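Please open the structure in your viewer and display the ligand together with the protein. The stops below can be selected one after another.

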Amino acid sequence: MRFHVMTLFPEMILQGLNTSIIGKAIQKKAIEVEAINIRDYTTEKHGQVDDYPYGGGAGMVMQAEPIYRAWESIVTRLGKSPKVIYMTPQGSVFHQEMAKEFAQEEDLIILCGHYEGVDERVLDKIVTHHVSIGDYVLTGGELPAMVMIDCISRMVKGVLSNEKSAESESFQEGLLEYPQYTRPEEFMGMRVPEVLLSGHHANIEQWRREQALKRTQERRPDLLPDIE
Ligand code: ADE
């Protein structure tokens with residue numbers, strides 16, 4: 001799977017995804033991430049990519065032309081026109097099912113906005129999906145793009161060493177994950193639940209299921225109507 005990120009801050013994307021599991025996935029070519037610098041596609045002097053909003057108002061608006069030209073260069077190079085996701089607080093809120101669907105794609109183009117917004121005309125022309133990572137406003141689309149790439153990548157074959165863990169973690173099956181413990185058996189007077197030391201797999205399975213349900217009821221009751 002290949003991610004093509006259009007941004008004014010390519011180093012933020014590349015450095016941010018260079019570490020840990022996603023960094024390893026890039027090294028072993030399970031995924032590819034390229035950052036396309038929108039500024040490379042401006043035809044204006046001094047590398048300008050933004051301008052004042054028509055009608056007035058605060059802040060600057062990213063111009064249509066350099067974004068369009070950056071997109072065009074990706075599409076021409078690939079010889080096809082992948083989905084284009086625009087990161088915006090005005091989009092549909094990202095969730096696990098969306099990640100699963102995007103993980104089926106061979107290529108994804110992600111557009112990161114900045115300043116007060118992006119000229120609507122280029123969005124109308126190239127964007128297929130408007131996506132938000134939550135109901136709060138960030139200074140740009142780069143962190144949201146990284147959040148999405150991380151989440152989608154872990155659904156891509158070969159990214160996690162243990163294939164099962166992508167399936168069984170929080171939000172799969174509509175439940176939060178059960179609590180986990182590791183050595184030592186006792187920490188500050190608190191013991192690991194006995195059942196986990198029993199070696200009885202069916203009991204452990206049942207205990208984990210109960211804990212997942214209890215935790216979901218306590219912390220995210222809004223998730224529960226979705227499961228039988
Ligand atoms: N850009 C700024 N805030 C954002 C958000 N919450 N989600 C996606 N993109 C954004």
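Begin by selecting Tyr136 and the ligand: a polar backbone atom of Tyr136 is 2.8 Å from a nitrogen atom of the ligand, a polar contact being a pair of N or O atoms within 3.5 Å. The model is a predicted one, in which local features need pLDDT of at least 70 and side-chain atom pairs count only at pLDDT 80 or more, while totals for chains, interfaces and linings use all residues. Residues are numbered from 1 along each chain as its sequence is written, and side-chain values use heavy atoms, with hydrogens and water left out.

Next, select the shell around the ligand, which includes Met87, Thr88, Pro89, Val131, Ser132 and Pro144 (a residue is near a molecule if one of its heavy atoms lies within 4 Å of it). What is the make-up of this shell in nonpolar, polar and charged residues? It divides into eight nonpolar, four polar and no charged residues; Tyr and Pro count as nonpolar here, and Gly as polar.

Colour strand 5 (83–93) and strand 7 (129–132), the elements that give two or more residues to the shell; strands are DSSP runs of E with at least two residues, and helices are runs of H or I with at least four. Strand 5 gives the most, with three residues.

Now move to Glu34 and Arg77, which form a salt bridge with the closest N and O atoms 3.0 Å apart (a side-chain nitrogen of Lys or Arg within 4 Å of a carboxyl oxygen of Asp or Glu). The pair links distant parts of the chain, Glu34 being in strand 2 (residues 32–37) and Arg77 in helix 3 (residues 64–78), 43 residues apart. The structure holds 11 salt bridges.

Two backbone stops remain. Most residues other than glycine have a negative phi, and most peptide bonds are trans. Tyr115, although not a glycine, has a positive phi of about 55°; select it in the loop between strand 6 (107–112) and helix 5 (120–126). Finally, select Arg183 and Pro184, joined by a cis peptide bond with omega about 0°. Pro184 lies in the loop between helix 7 (163–168) and strand 8 (186–187).

Methods: Polar contact = N/O pair within 3.5 Å; in protein donor to acceptor, adjacent residues only side chain to side chain.
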